Amino acid sequence: MALHLDHIKARSGAFDLSADLMVETGQRVAIIGASGSGKSTLLDVIAGFLPLVSGTVRWAGQDISAMTPGQRPISILFQDSNLFAHLTIAQNLALALNPATGRLRTGDMGRIDAVLARVGLQGFAPRRLSEMSGGQQSRAALARVLLQGRPVLLLDEPFAALGPALKVEMLGLVAEVADAEGLTVLLVSHDPQDARRFASQTIVVENGVVSAPQETAALLDNPPPGLRAYLGAG
Amino acid sequence: MAPRAFAIIAALTVAGLVIGPVTAVILRAETFSGFRPADWQALRFTLLQATLSAGLSVVFAIPVARALARRQFLGRGLLVALLGAPFILPVIVAVLGLLAVFGQSGLVNRLLAPLGVPELQIYGLHGVLLAHVFFNLPLATRLILQGWLAIPAEQFRLAATLGMGRRAMWRAVEWPMLRRIVPGAFAVIFVICLSSFAVALTLGGGPRATTLELAIYQSMRFDFDLARAAVLGLVQLVLALIAGFIALRITSLPVAAKGLDRNVPRWDRTGWSAIGTDAIWIGIAALFLLTPLAMVTFNGLAGITTLGASVWQAAVHSILVALGSTALCLLWALPLATRWGEWLGLAGIALSPLVLGIGLFLIVRPFANPFELALYVTATVNAFVSLPFVLRILRPEAEAIRADYTHLRNALGLSGWSWLRWVLLPRLKRPLGFAAGLTAALSMGDLGVIALFADPDRATLPLKVYQLMGAYRMEQAAGGALLLLLLSLGLFWLFDRGGRVGSAS
């Protein structure tokens with residue numbers, strides 16, 4: 001069981017990305033690299049927003065390259081627009097549970113209340129996004145991916161707009177629920193401290209080339225030249 | 001200060017053109033002879049056809065706009081560009097095209113007759129609706145397409161990662177957008193169809209299919225009952241004011257939407273049924289819009305060589321009228337390209353050309369023979385009617401130029417003339433060319449107030465084509481229509497092109 005990027009190549013405009021690596025099930029892996037290095041392109045490939053030029057993406061041995069984003073065993077937290085702002089939290093979560101029609105079925109409300117309690121948002125079901133703080137919106141987004149119940153979770157700098165303390169708190173919450181559910185998590189971040197805190201392993205992306213996961217602590221303590229330049233002399 | 005003087009003169013003449021004719025109409029209507037049953041019927045028909053025209057245009061535009069928003073295919077850019085064409089397409093040309101397709105001996109009847117289908121009749125309510133949908137389906141499609149393309153790409157990404165189905169997509173993404181856009185599109189088209197004259201003149205008529213505008217024309221031309229024309233004009237004025245006011249509260253004046261040639265990446269709707277549905281809608285829309293134009297061109301090619309001297313004379317009149325009203329409109333628009341100027345210009349929407357026409361007729365009559373002034377009146381009214389669109393195009397650009405350079409202008413101490421000559425006009429060149437092209441083409445194709453005033457010596461080309469049609473000289477009418485089409489598009493192209501060449505912005 002693993003997420004396997006098997007000799008993949010992808011192209012976004014004039015930008016080329018290549019990767020050949022494996023992420024073990026249940027791992028939490030950070031993806032770091034300079035802006036424009038291809039971190040988000042890598043997530044787009046895994047999530048299915050960008051088609052492959054060659055190679056295959058496999059989950060648990062199954063080729064998922066031809067699946068649409070909605071069919072893949074993958075959920076994703078974007079930088080923003082994780083929920084529809086004009087709908088209530090309950091309506092948003094109903095869409096996660098029943099994406100075909102978006103209707104609430106019997107029993108759905110119980111699951112929604114339970115997941116909201118789990119992310120610390122008891123009683124927020126009837127609220128709209130505009131009535132909530134940034135931290136609360138992040139928690140609601142996390143509730144959304146939990147309800148989707150998919151084994152792989154991609155995070156595209158999702159808490160970048162929060163303050164430092166709130167970000168640490170949210171990453172802690174994600175780590176906690178990911179461990180409880182046995183999720184495989186990939187976190188894109190430009191902050192090496194996020195990687196240390198959240199991920200035992202780290203993938204470095206540099207000029208469209210994706211390295212295999214390495215032990216985070218060892219990597220950051222003794223970075224290779226390209227990463228050293230990105231992190232700075234400190 | 002010279003510029004201010006120009007602004008005041010422009011404002012006063014525009015305001016005078018509103019107040020004068022309206023006052024004349026009100027004064028004349030005071031000898032109120034009562035609203036006859038036929039007039040009530042005209043009022044009812046006006047409201048009925050406007051409601052149905054707007055409703056049908058919007059209902060059909062929704063699937064067409066959705067197909068255009070989410071499909072990429074060869075010729076898409078051309079099709080989207082063509083959606084802007086009806087704005088400058090002369091009504092009489094479109095009517096001839098529709099007759100060639102849906103008329104008594106048109107394509108559809110010829111195809112269906114061997115199958116034993118009863119003959120299609122185009123005259124009456126459904127002919128009026130057909131023509132109105134022909135003109136306004138493209139407008140509605142553009143407005144709704146704009147709404148579709150304005151949905152943030154992030155929403156489609158989120159929908160894709162959730163794997164949202166058709167109904168969920170409808171509820172969460174598409175319906176909220178349509179609920180915002182559709183009322184405005186409906187209102188704009190309703191207002192446009194409310195003062196429909198040329199379509200009703202050519203395809204309507206009779207007691208069952210007469211609009212208020214057509215009734216005004218008939219009471220002038222057939223009965224010469226000026227009091228009744230004035231009463232009808234007053235009703236039309238009040239109706240248009242109310243509807244126009246409501247429409248402008250919901251939406252703004254549609255002119256040229258930008259960025260419609262892109263499409264939003266979506267990951268849903270890859271199924272064959274969705275692709276098939278979209279292909280069918282795009283195909284139907286393209287056929288419906290292009291076949292009549294192709295027929296006009298085809299039929300016209302034979303007739304254009306047989307045109308008599310009077311048709312060429314009318315073409316010359318039309319070109320002169322178009323150039324005159326373009327010049328007048330720009331003279332008004334340049335000093336009025338401000339916020340309050342745009343409000344003043346909106347009178348051009350509320351005041352229908354025929355109301356303006358009888359007003360001017362009443363004013364001029366004591367002093368001169370109105371029929372001798374037909375071409376001047378037509379040029380003036382056309383300039384006035386184009387003014388709101390031209391201001392809508394010019395104002396944002398003019399204000400941006402003022403905002404950017406007023407400090408520099410004051411620092412240099414530029415005179416009003418230098419400012420106009422060296423800054424405003426060069427920087428406005430591109431929108432100015434577009435606006436001039438629009439005005440010229442609109443005026444070239446206009447079949448409104450000229451019908452009210454014209455005598456045989458002073459026909460414009462659209463009127464001449466209408467007269468040929470009425471005399472059943474269909475080959476010559478088709479030739480004249482092709483000539484008119486070429487002249488309208490040619491004038492638009494020349495002005496628009498002129499604005500683009502070496503423009504500063």
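This is a predicted model: local features need pLDDT of at least 70, side-chain atom pairs count only at pLDDT 80 or more; totals for chains, interfaces and linings use all residues.
**Where chain A meets chain B, and what lies on either side**

The contact between the two chains draws on 21 residues from chain A and 17 residues from chain B. On the chain A side, β6 (74-77) and α2 (89-97) each supply at least two of the residues that touch chain B. Sorted by class, that side of chain A has 11 nonpolar, nine polar and one charged residues.

Let us go into chain A next, to strand β8. This strand covers residues 184-188, and five of its five residues are buried. A residue counts as buried here if 20 or more other C-beta atoms lie within 10 Å of its own. Both faces of β8(A) are covered: A:Val185 and A:Leu187 are buried on one side, and A:Thr184, A:Leu186 and A:Val188 are buried on the other.

Which strands pair with β8(A)? One is β3 of chain A (residues 28-32), which runs parallel to β8(A) and is joined to it by four bridges. To find this pairing on your screen, look for A:Ala30, whose bridge partner in β8(A) is A:Leu187. Another is β7 of chain A (residues 152-156), also parallel to β8(A) and joined to it by five bridges. There, you can look for A:Asp156, which stands opposite A:Val188 in β8(A). To get from β7(A) to β8(A), the chain passes through helix α5 (residues 164-181) of chain A, making a β-α-β crossover that is right-handed.

Now for the other partner. Chain B has 21 helices and zero strands. Along the principal axes, its C-alpha atoms fill a box of roughly 75 × 75 × 50 Å. How does the radius of gyration of chain B stand against that of a compact globule? A compact globule of 505 residues would have a radius of gyration near 23 Å, so the 24 Å of chain B agrees with that expectation. Of the 505 residues in chain B, 48% are buried. Counting the contacts in chain B with a separation of 6 or more, 85% are between residues 24 or more positions apart.

Is α4(B) mostly covered or mostly exposed? It is mostly covered, with 12 of its 12 residues buried. Among them are B:Val91, B:Ile92 and B:Val93, as well as B:Gly97 and B:Phe102.

Methods
Residues are numbered from 1 along each chain as its sequence is written. Chains are lettered from A and ligands numbered from 1 in the order in which they are written. Two residues are in contact if their C-beta atoms, placed from the backbone, lie within 7 Å. Ala, Val, Leu, Ile, Met, Phe, Trp, Tyr, Cys and Pro count as nonpolar, Asp, Glu, Lys and Arg as charged, and the others, Gly among them, as polar. Two strands pair if DSSP finds at least two bridges between them. A crossover is right-handed if, with the strands pointing away from the viewer, the path from the first strand over the helix to the second runs clockwise. The radius of gyration is taken over C-alpha atoms; the globule rule is 2.2 Å times the number of residues to the power 0.38.
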